[in-house]
Amino acid sequence: MVTQSKDPVCGMKVDPSKTQYKADHQGQQYTFCSQQCLNKFKQNPSQYSSKQQS
Ligand SMILES: [Zn+2]
């Protein structure tokens, strides 16, 4: 079973072993499908890193 991460910016599934776009925020690693999504995340990490709350 392949572990997949979700790109928090656009919602795409990303394979952490294949993507080169990664960022760490508050001890958690995030992966992104593209440089564009990574840039968006870096501009405002807290907007994307907050966990879903119901
Ligand atoms: Zn993306």
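Guide: Glutamine 26 sits in the loop between S3 and S4; helices (H or I, at least four residues) and strands (E, at least two) are DSSP runs, numbered from the N terminus. Residues are numbered from 1 along each chain as its sequence is written. This is a predicted model, in which local features need pLDDT of at least 70 and side-chain atom pairs count only at pLDDT 80 or more, while totals for chains, interfaces and linings use all residues.

The phi of glutamine 26 is near 50°, a positive value in a residue other than glycine. Glutamine 26 counts as exposed because it has 8 C-beta neighbours inside 10 Å. By this count, a residue is buried if 20 or more other C-beta atoms, placed from the backbone, lie within 10 Å of its own, exposed if 12 or fewer, and partly exposed in between.

Now follow the strands on either side of that loop. Strand S3 (21–25) and strand S4 (28–32) are among the elements covering the buried residues of H1, and helix H2 (45–49) is another. Those buried residues of H1 (35–43) are Cys37, Leu38 and Phe41. They lie on the same side of H1 because they cover an arc of only 100° around the axis, taken from the directions from the helix axis to the C-beta atoms. Facing away from that buried side are the exposed residues Gln35, Gln36, Lys42 and Gln43.

Stepping back, the protein chain runs β-β-β-β-α-α along its sequence, and buried residues make up 17% of its 54 residues.

Notes:
Two residues are in contact if their C-beta atoms, placed from the backbone, lie within 7 Å.
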